[in-house]
Structure formats: C-alpha cells, structure tokens
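Work through the exercises below with the model in view. Each one is followed by its solution.

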Amino acid sequence: MHGTSHHAPFNPLPWVVWALALPLIAMELAFAIGASGLVQGIDGAGWRGLAVQVFAYSPAFAEVSWQQGGWLPQEPWRLVTYTLVHASVTNALFAGVLLLAVGKVVAEVMRWWAVLVIWLAAAVAGALVLTLVERIWFAPAPPMTLIGAFPAVYGLFGAFTWIAWMQLGALGAGRGRAFSLVAFLLGADVLLSLVFGAGHGWIADLAGCAAGFLLSFVVGPGGARRLHAAIRRR
C-alpha cells in the first residue's frame with residue numbers, strides 16, 4: 001500500500017541507557033547460571049554472596065580510612081560497584097525497569113556524558129551521605145551493607161525532576177508539581193523500609209536523588225552557560 005509509514009513497534013533506548021543496564025543484566029545472568037549448576041566443576045550457588053563481598057559498600061570502609069587520616073574510603077571503587085549487585089532477582093528487575101524507563105527520558109534531553117556523570121555522582125553521593133548519617137545518628141549500631149542500583153537510579157529521577165521543573169518554569173506553571181513523582185517514590189521507599197525493617201538505605205536513595213537534581217543545573221542543557229554567568233556575576 002502506497003503512503004504507508006513504517007514505525008518501530010517501540011522507541012529505541014539511547015545507547016547510554018543500555019550501557020548502564022547491561023552490566024546489571026549480565027550480573028543477574030551470571031548468578032542464574034551459577035545457581036543452575038550448568039557450569040561443571042564450579043560451585044556457583046554462592047556467587048551472589050561472593051559478589052556482595054567483592055562489590056558491596058559499607059560505611060565501615062570510610063570510617064576505617066578516616067581514622068587512619070585518609071579522605072577516601074578503602075577500596076574506593078566500591079562507591080560505584082555496589083550498584084551492580086542486588087539482594088535478589090526481583091530487586092534487580094525492579095531497579096532495571098526503573099532505569100530503562102526514567103533513563104530513556106533523561107537521555108533524550110541530556111547528552112550521554114551528562115547521564116553517566118549523574119549516575120556515577122548519585123551512586124557516590126548515596127554511599128557517602130549514608131556513611132555520614134550512620135556515623136552521626138546511628139552509631140554505634142553495626143553499619144549496613146549497601147548494594148543495589150537504586151541510589152543511582154534515583155539520581156536519574158532527580159534529573160527527571162529537574163527537566164520537569166525547568167519545563168514548568170518555562171510554561172509559567174507551579175514548579176512544585178515537578179517533585180510529585182519523586183516525593184511519592186521516596187515516600188513509598190521510606191514506608192517499605194519501616195514496615196519490613198529493610199534498614200535505612202532510603203537515605204542513600206534520597207542523597208542520590210538530590211545529587212541528580214542539583215548536578216543537572218551544571219550538566220543539563222544550558223548548564224555550562226548558566227554556570228559561567230553565575231561565576232561572572234560573582
């Protein structure tokens with residue numbers, strides 16, 4: 001039939017979103033293969049627990065380093081690698097779905113490097129803020145082990161909130177509406193943590209979200225121009 005347009009059944013995801021999601025997928029596939037016993041001669045049943053030991057972050061790493069006069073936590077790569085390991089398949093699936101959904105929106109507005117910067121900065125901010133809060137308010141309770149991509153995913157939600165905030169401002173509408181989605185998600189996060197006793201990992205999620213929102217003023221569209229103008233005004 002002439003004049004018929006052909007469209008893809010779904011909009012393709014930006015490559016940077018796949019670059020963030022594929023390591024999470026690969027990790028869960030490795031755990032599934034190990035648990036299935038398909039790899040002969042290797043005990044893969046405990047691979048998730050081993051991955052937690054290798055990649056997870058704990059405020060104890062920072063506390064020991066600070067006591068020794070260092071300013072970076074021991075094994076500083078854990079500030080980012082903890083996002084690769086999840087407590088369960090369900091946990092990883094939920095994080096992956098959120099990443100693909102909000103990452104697509106953010107990556108279609110911001111440059112690829114800005115998405116990466118927000119993801120990494122949110123992960124680091126979540127770990128460090130959790131360390132400070134545990135040291136001030138929760139000591140001497142044993143420090144929790146931080147795993148999962150949620151602080152970094154919430155960083156993308158912070159960027160998404162910034163996009164909505166800027167769009168509402170351009171339309172002359174109330175900018176407070178931009179925070180409704182992330183407020184609902186964080187509220188549910190805190191509620192579930194209290195109900196199921198899942199610890200206070202929501203603090204890392206909140207810190208990641210704040211980092212993503214604030215950093216968007218610098219790495220978002222027009223951010224460099226606004227930063228330069230602010231420096232000149234000073």
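**Exercise 1.** Sort the lining residues of the second largest pocket into nonpolar, polar and charged.

Step 1. The lining holds nine nonpolar residues, one polar and one charged. Here Ala, Val, Leu, Ile, Met, Phe, Trp, Tyr, Cys and Pro count as nonpolar, Asp, Glu, Lys and Arg as charged, and the others, Gly among them, as polar.

The model is predicted: local features need pLDDT of at least 70 and side-chain atom pairs pLDDT 80 or more, while totals for chains, interfaces and linings use all residues. Numbering starts from 1 along each chain as its sequence is written, and side-chain values use heavy atoms, without hydrogens and water.

Step 2. The pocket has a volume of about 210 Å³. A pocket is an open set of points on a 1 Å grid over the protein atoms alone, where a 1.4 Å probe fits, with protein on both sides within 12 Å along at least five of seven lines; lining residues have an atom within 4 Å of a point. The volume is the space filled by probe spheres set on the points, which are joined across faces, edges and corners.

Step 3. Glu-28, Ala-21 and Gly-96 are among the lining residues. Two or more of the lining residues come from each of α1 (15–36) and α5, and α5 gives the most, seven. Helices are DSSP runs (H or I, at least four residues), numbered from the N terminus.

**Exercise 2.** Describe the largest pocket: how much space does it hold, and which residues are closest to its centre?

Step 1. About 650 Å³ of space lies in this pocket.

Step 2. It is lined by 25 residues, with Asn-91, Phe-150, Asp-189, Ser-193 and Asp-205 closest to the centre.

Step 3. Helices α5 (89–107), α7 (150–171), α8 (180–196) and α9 (202–219) each give two or more residues to the lining. The biggest share, six residues, is from α8.

Step 4. By class, the lining has 16 nonpolar, seven polar and two charged residues.

**Exercise 3.** Find how many helices and strands the chain has, and what share of its residues is buried.

Step 1. Count the elements: 10 helices and zero strands.

Step 2. Of the 234 residues, 39% are buried, that is, under 20% relative accessible area with a 1.4 Å probe and protein chains only; exposed is over 50%, and partly exposed lies in between.

Step 3. Take contacts (heavy atoms within 4.5 Å) between residues at least 6 apart in sequence: 75% of them join residues at least 24 apart.

**Exercise 4.** Decide where the buried residues of helix α3 lie around its axis.

Step 1. List the buried residues of α3 (residues 59–67): Pro-59, Ala-62 and Ser-65.

Step 2. Viewed down the axis of α3, these fall within an arc of 130°, so they line one face of the helix. The arc is that of the directions from the helix axis to the C-beta atoms.

Step 3. An α-helix has 3.6 residues a turn, so residues three or four places apart point the same way.

**Exercise 5.** Compare Thr-131, Ala-127 and Ala-35: is each buried or exposed?

Step 1. Thr-131 lies in α6 (residues 112–138) and is buried, because its relative accessibility is 0%. Beyond four places in sequence, Thr-131 touches Tyr-57, Pro-59, Ala-62 and Trp-66.

Step 2. Ala-127 belongs to α6 and is buried at 0%. Beyond four places in sequence, Ala-127 touches Tyr-57, Leu-79, Tyr-82 and Leu-146.

Step 3. Ala-35, in α1, is exposed at 57% relative accessibility. Its C-alpha atom is 7.9 Å from that of Trp-47, 12 residues apart along the chain.
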